[in-house]
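User: I've got a model here and I'd like to go through it with you. Can you help me read it?

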Amino acid sequence: MVKLTMIARVTDGLPLAEGLDDGRDMPDSEFYKQQVKALFKNLSRGQNEASRMSVETGPYVFHYIIEGRVCYLTMCDRSYPKKLAFQYLEDLRNEFERVNGNQIETAARPYAFIKFDTFIQKTKKLYQDTRTQRNISKLNDELYEVHQIMTRNVQEVLGVGEKLDQVSQMSSRLTSESRIYADKAKDLNRQALIKKWAPVAIVLGVVILLFWLKNKLW
């Protein structure tokens, strides 16, 4: 099953588009997304020259193709057919180049083509079930071969130890920052409520005190 899909410009690693619904059923999706971004950064430095590669990471595999200075990457279960994964990427590449080809080099902000998510989601649905007649035909297509595509481990690609630790630290930092942000938001809400209702409470307190004193005096 296709889990994640991301598209980036190879020259600088700038993310151009991704599947917005991807990874929602994965508790550790942020960790793998950070691995993808680290991989894009490596590609921008020219550290991996292969235009097609599979990279094993935990129970999943990253598959990517590079065409026209753009990297199209998907993460699938290890059991998902390699041939289908690469044909899925080819479909994305063809449409992305057709729709956005003349704007890729000038894109200046991350996810400039986020609307491409619509096509990603539509295409992903076609490839999810490997038992459909359409996908069985694609698996039997002898003209499309993937045996020559290299498979490596993520530790080899990102670097053993240090770079993986950095990815893990980035993921941990994001989680920590999210918690800090949530705590600050709660504090701000609490302060806003106090500012809003404190004057009302003071006025009510004064009224109650005057009423009590009046009853005492009379």
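User: In strand 6, which residue is the bridge partner of Val-55?

Analyst: First, this is a predicted model, where local features need pLDDT of at least 70 and side-chain atom pairs count only at pLDDT 80 or more, while totals for chains, interfaces and linings use all residues. Residues are numbered from 1 along each chain as its sequence is written, and side-chain values use heavy atoms, with hydrogens and water left out. Strand 3 (residues 52-57) runs parallel to strand 6, paired over four bridges; strands are DSSP E runs of at least two residues, numbered from the N terminus, and pairing takes at least two DSSP bridges. In strand 6, Val-55 has as its bridge partner Arg-152.

User: Which strands stand at the edges of the sheet?

Analyst: The sheet is open, with six strands in mixed pairing and the order 2-1-5-4-3-6. Two of them have a single partner strand each, so one side of each lacks a neighbour in the sheet: strand 2 (15-18) and strand 6 (150-153).

User: Where does the largest share of the largest nonpolar core come from?

Analyst: That core has 27 residues, with Ile-7, Leu-16, Phe-96 and Phe-116 making the most contacts inside it. A core here is a set of buried (under 20% relative accessible area, 1.4 Å probe, protein chains only) Ala, Val, Leu, Ile, Met, Phe, Trp, Tyr and Cys residues joined through side-chain atoms within 4.5 Å. The largest share, seven residues, is from helix 2.

Methods. Buried means under 20% relative accessible area, exposed over 50%, partly exposed in between (1.4 Å probe, protein chains only).
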